[in-house]
Amino acid sequence: MMARKDEQESPSMIVVMGVTGAGKSYFVNQLAGKEVAQEGPDLDPCTQECQGIPVTIGNSKVLLIDTPGFDDTNRTDSEILTEIARILSAQYELGVQLKGVIYIHRITDVRYSRAAIKTFEIFKKMCGQDALKNVLLITSRWDGIDPSLGAERERQLKDKFWAYMVGHGSNISRFHGDRPSAVSLVSQLLSRDDVVLQLQRELVDEGKDLNATVAGAYVEDNLDKLKQQVQDELASLERLKRDLLENDRAMRRQVRLDWEQESARLKALQNQQVSLQRPVGTEVRQEIKQKRSGLSKVMPYVPVTISILAAFMGIPPGVTEMFTGWFADLGSSGDPSS
Ligand SMILES: Nc1nc2c(ncn2[C@@H]2O[C@H](COP(=O)(O)OP(=O)(O)OP(=O)(O)O)[C@@H](O)[C@H]2O)c(=O)[nH]1
Ligand SMILES: [Mg+2]
């Protein structure tokens with residue numbers, strides 16, 4: 001059956017994830033055809049918040065979501081998960097199609113680091129088993145590795161870390177660092193049916209708090225482990241303080257400073273846990289309702305759906321004219337949501 005014209009023109013969404021420095025922003029920029037998402041040096045986390053970048057691939061309009069890596073030194077896992085959860089809830093609630101999720105991994109990485117394991121676990125738990133056929137596992141940086149060594153690492157990923165996902169329909173593909181390669185990778189997802197992720201069902205359909213979702217519970221579990229470590233450290237500082245002699249002033253001062261620092265860490269971890277106890281899907285639904293009534297009063301002719309979705313993410317300065325182009329096209333064929 002032929003798709004109707006307005007169906008062809010409705011924008012869809014693809015989320016890009018991976019550890020810091022994997023090349024998410026670089027990949028998105030290749031698709032945009034210019035550096036709109038800020039790329040960073042290899043070691044420091046660069047992307048600070050989820051960013052929406054509209055791109056056109058053939059006839060398809062795609063809103064790419066460039067995400068920050070988990071285990072970031074500047075942002076907590078809870079903050080990043082909440083941000084991604086809000087965008088996914090808004091996209092699902094608004095009826096925008098999700099075509100898939102991309103995970104980028106540097107083939108040059110010698111070890112599968114702690115950050116990589118954590119990021120991948122959260123990613124897997126967000127998707128859920130039923131969505132894995134819409135997952136694309138991309139290896140990058142093939143120009144930085146001997147091809148046979150790269151192929152060997154690729155085989156290890158396929159047989160070990162990625163075996164479960166591949167077994168449930170995810171594809172593994174190489175990114176060669178240029179636009180044609182990025183376009184052909186994204187096209188793989190665009191030809192599929194749209195998908196609903198486990199996290200979206202949990203948050204929007206079931207109205208769960210974020211910490212009650214599979215991905216949220218994993219983040220909360222990690223926080224529990226960290227809290228236990230800090231509590232052990234505080235207990236040993238207490239013992240040290242008791243055992244120190246009254247006249248050992250310098251040492252007592254140091255112990256007090258360490259104690260204060262650890263207490264602050266404990267408080268921060270507790271705050272992170274509290275921040276996960278939120279019905280993100282329900283909150284987003286209410287926000288959308290408010291935004292819809294506000295927007296239709298002031299801008300009745302602007303395609304409302306994409307404007308509302310865009311309000312849930314950062315929009316880099318260089319993409320305004322790409323959005324304007326989309327709005328002009330959509331405006332002439334009517335907003336698919338209305
Ligand atoms: N030559 C080449 N350079 C790349 C490639 N992918 C990433 N880079 C460079 O590697 C650095 C890190 O890439 P980013 O795209 O900023 O990484 P990121 O995944 O967005 O990292 P965060 O935003 O910190 O999560 C940048 O300097 C990029 O220009 C690639 O495929 N080829
Ligand atoms: Mg980035």
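## Ala182 and helix 7

A helix is here a DSSP run of H or I with at least four residues, and helices are numbered from the N terminus. In this predicted model, helix 7 spans residues 179-190, and Ala182 lies within that helix.

Ala182 has 23 other C-beta atoms within 10 Å. Because the threshold for burial is 20 or more such atoms, Ala182 counts as buried. Leaving aside residues up to four places away in sequence, Ala182 touches Phe27, Gln30, Leu31 and Phe175.

Strands of a sheet pair through backbone hydrogen bonds, in either a parallel or an antiparallel manner. In this model, six strands form an open sheet in the order 2-3-1-4-5-6, and the pairing is mixed. Strand 2 (51-57) and strand 6 (171-174) are the edge strands, each of them pairing on one side only. From one strand to the next, the twist averages 25 degrees.

Strand 4 (residues 97-106) and strand 5 (residues 135-140) run parallel and are joined by six bridges. Val101 stands opposite Val135 of strand 5, and Arg106 has Ser140 of strand 5 as its bridge partner.

## Burial of strand 5

In a regular strand, side chains alternate between the two faces of the sheet. Strand 5 can be described in those terms: Val135, Leu137 and Thr139 point one way, whereas Leu136, Ile138 and Ser140 point the other way, and all are buried. Since six of the six residues of strand 5 are buried, this strand is largely enclosed by the rest of the structure.

## Packing of helix 3

Two packed helices are described by the angle between their axes and the distance between the axes. Helix 3 (residues 77-94) packs with helix 9 (residues 214-243) at an angle of about 170 degrees, the axes being 10 Å apart. An angle over 145 degrees counts as roughly antiparallel, and helix 3 and helix 9 are therefore roughly antiparallel to each other. Asp77, Ser78 and Leu81 of helix 3 meet Ala215, Gly216, Val219 and Asn222 of helix 9. By class, this contact holds three nonpolar, three polar and one charged residues.

Helix 3 also packs with helix 8 (residues 198-205), at an angle of about 75 degrees and with the axes 9 Å apart. Helix 3 is therefore roughly perpendicular to helix 8. On the helix 3 side, the contact involves Ala85, Leu88, Ser89, Tyr92 and Glu93, which meet Leu199, Gln200, Leu203 and Val204 in helix 8. The residues of this contact divide into six nonpolar, two polar and one charged.

Ligand 1 has 21 residues around it, of which Gly23, Lys24, Ser25, Tyr26 and Thr47 come nearest. Helix 2 (residues 24-32) contributes the largest share of this shell, namely three residues. By class, the shell around ligand 1 consists of six nonpolar, 10 polar and five charged residues.

Terms used: Residues are numbered from 1 along each chain as its sequence is written. Chains are lettered from A and ligands numbered from 1 in the order in which they are written. This is a predicted model: local features need pLDDT of at least 70, side-chain atom pairs count only at pLDDT 80 or more; totals for chains, interfaces and linings use all residues. Axes are lines fitted to C-alpha atoms, for helices over the stretch in contact, and angles run from 0 to 180 degrees between N-to-C directions. Helices (H or I, at least four residues) and strands (E, at least two) are DSSP runs, numbered from the N terminus. Angles under 35 degrees count as roughly parallel, over 145 as roughly antiparallel, 65 to 115 as roughly perpendicular and the rest as oblique. Two residues are in contact if their C-beta atoms, placed from the backbone, lie within 7 Å. Ala, Val, Leu, Ile, Met, Phe, Trp, Tyr, Cys and Pro count as nonpolar, Asp, Glu, Lys and Arg as charged, and the others, Gly among them, as polar. A residue is near a molecule or strand if its C-beta atom, placed from the backbone, lies within 6 Å of it. Two strands pair if DSSP finds at least two bridges between them. A residue is buried if 20 or more other C-beta atoms lie within 10 Å of its own, exposed if 12 or fewer, and partly exposed in between; C-beta atoms are placed from the backbone.
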